[in-house]
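Subject: Structure handover

Hello,

Here is the structure I promised to pass on. Please open it first, then read my notes below.

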Amino acid sequence: MRAPATPSLTSGLLTDVGRQRQGGVNQDAALALDLPQGGLYAVADGMGGHAAGELAANLALDALSQHYLDGRGAPPHRLAQAVQAANLAVLRHAVGEYVGMGTTLLAALIDRGAVLIAHVGDSRAYLLRGRELHRLTEDHSWVAEQVRLGHMTEAEARDHQWRSVVSNALGGEERVRLELHGLPTQPGDRLLLCSDGLSSVVTDQELCAILARPLPPDTITRLLVNAANDGGGPDNITALIVDIHRDARLPGYALPPRREDGPMYVDVLLTTQRGNSLMTYLLLMIAYFTLLGIMLVPERRSLIGLLGTSLLLVLLIGQRLTQRRRTQHPLGAPAATLGVPAPASPRESVSQPR
């Protein structure tokens, strides 16, 4: 599914069956949807047999886009609710011959000068900023958990027999567990969403080198798919790239911070996000009581108005400073850094037929 890119963004996506999947069925799916102030982008990697996996991935993306467009409220809430709707769409179709089907889901919502990441499973999001490649997601898998605990290295995980076994996916239970966080964007940022058919074959350092090439997104996606196929192509491969060209102001809502405790049930996550809105309620209460005081004690209206306005300004400035501190260093250490440019290899030729 494709939609025209906005002038401030360009995108490219490519999905490929790979070289070792029998039957030629591609269980990956991708979405690029233009929005008035950005775009909604997503990758889904289905599971549960050829027909079931393909159906699950497409059901999830259809439900995600439709429910986000129809939803209300702040974009973080709408995105989380859209992921829950996608989960239910898959779960309700997992009957009869489709019992046990599921899919990963990775969504990126670009809203003005920020990107929100919603993540379920082991598809990955990366951000190339300058010469550094940052991984924006952690895999929800048994192998990834062993790496985080120090029981396994990244190299061992890449070749482990259970590397494709996810611990979290859409369609497994009524309430989805997901990660949701946001960060400011900058002109020149290049965002990559991909299925594990790419990230499990091409190393972070190789991804960094390819993504840093000054080529349009459509060309880069072909280079990435070629690299995964030249590495054996053991799985379906999907790459979706979004380039950010213009600076834009941050949205008015607080960006959800990245958490270290893994995915959360959607209702718990939304309750946590609502807790971040207490400042809004406090500001409204101050404004209400200021107006009430002016009406009840008109002879003191100047003093009451001055005190109320001063308190509102102090709280607004404090809120803005707190948000700025949270967004100054949201990326952490890079997964890879661009080294000395290497000469183009044969596998990077976009003219090779696939």
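Asn-87 sits in helix 2. Is Asn-87 buried or exposed? Its relative accessible area is 1%, under the 20% limit, so Asn-87 is buried. Setting aside neighbours within four places in sequence, Asn-87 is in contact with Ala-169, Leu-170, Gly-171, Gly-172, Glu-173, Glu-174, Arg-175 and Val-176. Please bear in mind that this is a predicted model.

Helix 2 as a whole tells a similar story. Of its 19 residues, 15 are buried, so helix 2 is largely enclosed by the rest of the structure. Its length also checks out. At 1.5 Å a residue, helix 2 should span 27 Å, and its end C-alpha atoms are 27 Å apart.

Now the overall picture. The chain has 354 residues, and 47% of them count as buried. Its secondary structure comes to 10 helices and 13 strands. Take the contacts with a separation of 6 or more: residues 24 or more positions apart account for 74% of them. The chain exposes about 17100 Å², with 57% of that supplied by carbon and sulfur atoms.

Next, the cores. The largest nonpolar core has 42 residues. Which residues have the most contacts inside it? They are Leu-40, Leu-64, Leu-79, Val-83, Leu-105, Leu-170 and Leu-178. Several elements each supply at least two residues of this core, including strand 2 (28–35), strand 3 (38–47), helix 2 (75–93), strand 9 and helix 8. Helix 1 gives the largest share, nine residues. Look at Leu-40 for a close view. Beyond its neighbours within four places in sequence, Leu-40 is in contact with Leu-31, Ala-32, Leu-33, Leu-35, Leu-64, Ser-65, Tyr-68, Leu-79, Ala-108 and Leu-109. Another core, of 22 residues, lies apart from the 42-residue one. Among its members are Leu-133, Val-201, Ile-220 and Leu-223.

That brings me to helix 7. It covers residues 217–230. How many of its 14 residues are buried? The count is 10, so helix 7 is largely enclosed by the rest of the structure. The buried residues are Pro-217, Ile-220, Thr-221, Leu-223, Leu-224, Val-225, Asn-226, Ala-227, Ala-228 and Asn-229. They pack against strand 1 (9–16), strand 10, helix 5 (196–199), helix 6 (204–211) and strand 11 (237–244). The span of helix 7 should be 20 Å at 1.5 Å a residue, and the end C-alpha atoms are 20 Å apart, which agrees. Just after helix 7, Gly-232 takes a positive phi of about 120°.

On to charges. The structure holds 10 salt bridges. Here are a few to look up:

- Arg-129 pairs with Asp-189, with the closest N and O atoms 2.6 Å apart. Arg-129 lies in strand 7 and Asp-189 in the loop between strand 9 and strand 10, so this pair ties together parts that are 60 residues apart in sequence. Both residues are buried.
- Arg-175 pairs with Asp-267, with the closest N and O atoms 2.9 Å apart. Arg-175 is in the loop between helix 4 (154–159) and strand 9, while Asp-267 is in helix 8 (residues 266–275). The pair links distant parts of the chain, 92 residues apart. Arg-175 is partly exposed, with a relative accessible area of 36%. Asp-267 is partly exposed too, at 34%.
- Arg-259 pairs with Asp-261, with the closest N and O atoms 2.9 Å apart. Arg-259 counts as partly exposed, at 34% relative accessibility.

There is also a network. Salt bridges that share partners join Arg-124, Arg-135, Asp-139 and Asp-204.

Last, the surface. Which residues make the nonpolar patch of about 360 Å²? Met-285, Tyr-288 and Phe-289 make it. Phe-289 is in helix 9 (residues 278–296). At 49% relative accessibility, Phe-289 counts as partly exposed; the limit for exposed is over 50%.

Best wishes

Key:
Residues numbered from 1 in each chain as written. Predicted model: local features only at pLDDT ≥ 70, side-chain atom pairs only at ≥ 80, totals over all residues. Heavy atoms only, no water. Salt bridge = Lys/Arg side-chain N within 4 Å of Asp/Glu carboxyl O. Helix = DSSP H or I, 4+ residues; strand = E, 2+ residues; numbered from the N terminus. Buried < 20%, exposed > 50% of the residue type's maximum accessible area, 1.4 Å probe, protein only. Contact = heavy atoms within 4.5 Å. Areas by Shrake-Rupley, 256 points an atom, 1.4 Å probe, with all protein chains shown as cover. Patch = residues over 30% accessible without salt bridge, like charges linked within 9 Å, V, L, I, M, F, W, Y side chains within 5 Å. Core = buried A, V, L, I, M, F, W, Y, C linked by side-chain atoms within 4.5 Å. Expected span 1.5 Å × (residues − 1).
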